[in-house]
Amino acid sequence: MSKNNMVCDLETGVCGEVGEDAIETINLNQPQKKITLYYVTDPICSHCWALEPVLRRFEKQYGQYIKFQTVMGGLLPNWDGFADRANGIGSPADVAGHWREVGEHTRMPIDGTLWLDNPIQSSFPPSRVFKVIQQQSDELANTYLRRAREAVFAFNKNIAEDQVLIEIVNQMGLDGESIVKEAALESSQQLLEQDFALAGSLGVRGFPTVIMVNEENKGVKIVGQRSLEFYAQGLQQVLETAEPLQPQPLPTLKSLLEKEELLFSREIEDMYDIKQSEVSSYLQEQLSSDEYQLSEILGEVYIEKR
């Protein structure tokens, strides 16, 4: 028995040879409790589109604390008896003016003339496609939701139409035709209704709604489009700790564009705390000219990955 390989067991009090490896790697950091964040939304929710710059930055900086779950809310089943009296909406034509106001106020580009020319009859078709893709991957589903919103808000495409949805999904490298076909099945509607039931159990009455819940099922509900500070304060409250939040470093613009593929000026401004007038010089500093294409729509600049 080697005299250099002895240990006294803390539990038994018996001394003897070491039964463990001489050198063992350990990690004394306590596992971080994860907060579940439910983001209840809809593909044609204009205020959700306007929230994207803030919500993206919140997720980038504080994603280490949260498990993000996107929930479809079912904004527009159809136009039979539908009315949004709070926003003065009783017909498709009323939506055009509301969307235009949201776009002008927030500077997230919104065209909205499709409500006059080719109105969306229901938000359920693009929502069901989201649920089908979500069965494969949450990340892919959220990417699809972003692409669908770009299509309907900025580029004025009717995302309730099969062909538009097929093109969006195909551009993601997925089989758009088969996914849209599956989305039309009753089983996909059932998946969607599970989201509706979850939203109802969370007490959601409008979009966007963000609900953060800890492991003790205590949480906060934040309704409407809010500032970054609102969500950070809510997270601090749900964590139930006096320790200040530790934000992660922001991604470089190059890595952000690589992932998102398209970014509007307002999104770049909010992510990097720069003014609208500083965006052009910031792009030149952070990206080479062969990495992006600069365009403009509805008076707003946006960049696309080349």
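User: Contact means heavy atoms within 4.5 Å here, got it. What sort of model is this?

Analyst: This is a predicted model, in which local features need pLDDT of at least 70, side-chain atom pairs count only at pLDDT 80 or more, and totals for chains, interfaces and linings use all residues. Residues are numbered from 1 along each chain as its sequence is written, and side-chain values use heavy atoms, leaving out hydrogens and water.

User: Thanks! How many helices and strands does the chain have?

Analyst: You can find 12 helices and nine strands in the chain. Both are DSSP runs numbered from the N terminus: helices are H or I with at least four residues, strands are E with at least two.

User: And how much of the chain is buried?

Analyst: Of its 306 residues, 46% count as buried. Buried means under 20% relative accessible area, exposed over 50%, and partly exposed in between, with a 1.4 Å probe and protein chains only.

User: What share of the contacts joins residues 24 or more positions apart?

Analyst: Taking the contacts with a separation of 6 or more, residues 24 or more positions apart account for 66% of them.

User: Can we zoom in on a helix? Which residues of α6 are buried?

Analyst: Helix α6 covers residues 162-171, and its buried residues are V164, L165, I166, I168 and V169.

User: What do those pack against?

Analyst: Their partners are three helices: α4, α5 (138-154) and α7 (176-183).

User: Which cysteines form it?

Analyst: C45 and C48 do, with their sulfur atoms 2.5 Å apart. Their link is right-handed, with 80 degrees about the S-S bond.

User: Are those two buried or exposed?

Analyst: C45 and C48 are both buried.

User: What about T41, where does that sit?

Analyst: T41 belongs to strand β3, which spans residues 35-41. With a relative accessible area of 0%, T41 counts as buried.

User: Next up, R56. Is R56 buried or exposed?

Analyst: R56 is buried, because its relative accessible area is 9%. You will find R56 in helix α1, residues 46-62.

User: What touches R56?

Analyst: Not counting residues up to four places away in sequence, the list is R146, L256, E260, L263, E267 and M271. Look at E267 in particular: R56 and E267 are 211 residues apart in sequence, with their C-alpha atoms 8.6 Å apart in space.

User: And E296, is that one buried or exposed?

Analyst: E296 counts as exposed, because its relative accessibility is 57%. Its place is in strand β8, residues 292-297.

User: What is E296 in contact with?

Analyst: Leaving aside neighbours within four places in sequence, E296 is in contact with V301 and Y302.

User: How far is E296 from S265?

Analyst: E296 and S265 are 9.6 Å apart from C-alpha to C-alpha, and 31 residues apart in sequence.

Terms used: Disulfide = S-S within 2.5 Å.
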